[in-house]
Amino acid sequence: MTRRRWIAEHWDEATATIVGAQAEHMARVLRAQPGMEADVVAGGHVFHAEVAAATPNEIRFNLIAELQADPALPVTLVVAVYKFDRMEWAIEKATELGVAAIAPVIARRTEKRLAQAAGKRAERWRRIAHEAAQQARRSDVPVIYEPEPLSTRVRAASAATRPASGSTYIVLAEQERTTTLRLALEEAMAAAQTEMPTLEIAIGPEGGWAPEEEALFDANGWRAASLGPRILRAETAAIAALAVVASCLE
Ligand code: SAH
């Protein structure tokens, strides 16, 4: 049986602690006592652990042995900010599917009101990712970057890692007819040979990418890819893309 995983707030070589809602749940609902066994995630590693001390405010564990971790999918999703309720849903589902990082970006067709409010949302998005990671028994929590203009992300991503690394940059576009995401991934895997390729995949806002954004991606070496002949909502595109990545890489 797979145990629930507790994500530690603080840890050192031999111990780890959880606080807040996790501690309260473990103490009150599960009636944690010293000696109770648990799996604890600390610093991206999963440990078999034993409760050393339990109160509703804090549970302290002794770490016994490291368990084999399951790495995240090597994917950063670049998501154009759109309706917050749908975006939160996408963050939750992308986390369950194993995304490594999410980079919210302000696109030309991101509603102005949402663009202005996005900066204050990042903390909430991190909390959602944290809870979803725990629910999905992930050994790590996806990184949620601060929202930034699309052009900053596109230029930085391309400049920082190319040409040395095996990174592949893909922009999902419903107008693309020839290159499917699957094909783009197969080519990336062939190019990366024995290494796992790292991917950055961009998804547009409800109104889609503006023509000058398509040109920007193109000029920075991003490849346009399709998820099929139907137009998907952004959150559906995020889930479909991660499912395709998982089926190619895992
Ligand atoms: N412009 C569209 C809606 C955009 S859908 C309209 O006519 O209403 C939002 C985003 O989801 C797009 O920018 C794209 O990144 C992604 N997307 C949706 N359907 C897709 C498909 N079939 N293939 C690739 N990407 C898709």
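Predicted model: local features only at pLDDT ≥ 70, side-chain atom pairs only at ≥ 80, totals over all residues.
1. For Leu232, a backbone N or O atom is 2.9 Å from a nitrogen atom of the ligand. A polar contact here is a pair of N or O atoms within 3.5 Å; within protein, one of the two must be able to donate a hydrogen and the other to accept it, and residues adjacent in sequence count only if both atoms are side-chain atoms.

2. Cover of the ligand. On its own the ligand has 560 Å² of accessible area, of which the protein covers 85%; such areas come from the Shrake-Rupley method with a 1.4 Å probe.

3. Shell of the ligand. The ligand is surrounded by 18 residues, and the closest are Leu172, Glu174, Leu227, Gly228 and Arg230, where a residue counts as near if one of its heavy atoms lies within 4 Å. By class, this shell holds 10 nonpolar, five polar and three charged residues, with Gly counted as polar, Leu as nonpolar, and Glu and Arg as charged.

4. Conventions. Residues are numbered from 1 along each chain as its sequence is written, and side-chain values use heavy atoms, with hydrogens and water left out. Local features need pLDDT of at least 70 and side-chain atom pairs count only at pLDDT 80 or more, whereas totals for chains, interfaces and linings use all residues.

5. The sheet. An open sheet with mixed pairing is formed by six strands in the order β1-β4-β5-β6-β3-β2; strands are DSSP runs of E with at least two residues, numbered from the N terminus, and two strands pair if DSSP finds at least two bridges between them. Because β1 (5-7) and β2 (10-11) each have a single partner strand, one side of each edge strand is left without a neighbour in the sheet.

6. Pairing in detail. β1 pairs in the parallel sense with β4 (residues 37-42) over three bridges, and the bridge partner of Trp6 in β4 is Val40. Helix α1 (residues 20-29) packs on the sheet, touching β1, β3 (15-19), β4, β5 (45-54) and β6 (58-67), and its direction makes about 95 degrees with that of β3; contact means heavy atoms within 4.5 Å, a helix is a DSSP run of H or I with at least four residues, and angles run from 0 to 180 degrees between N-to-C directions of axes fitted to C-alpha atoms, for helices over the stretch in contact.

7. Around Ala16. β2 and β3 form a hairpin with three residues between them, and the bridge partner of Trp11 in β3 is Ala16. In β6, Ala16 has Phe61 as its bridge partner, and five bridges join the antiparallel strands β3 and β6.
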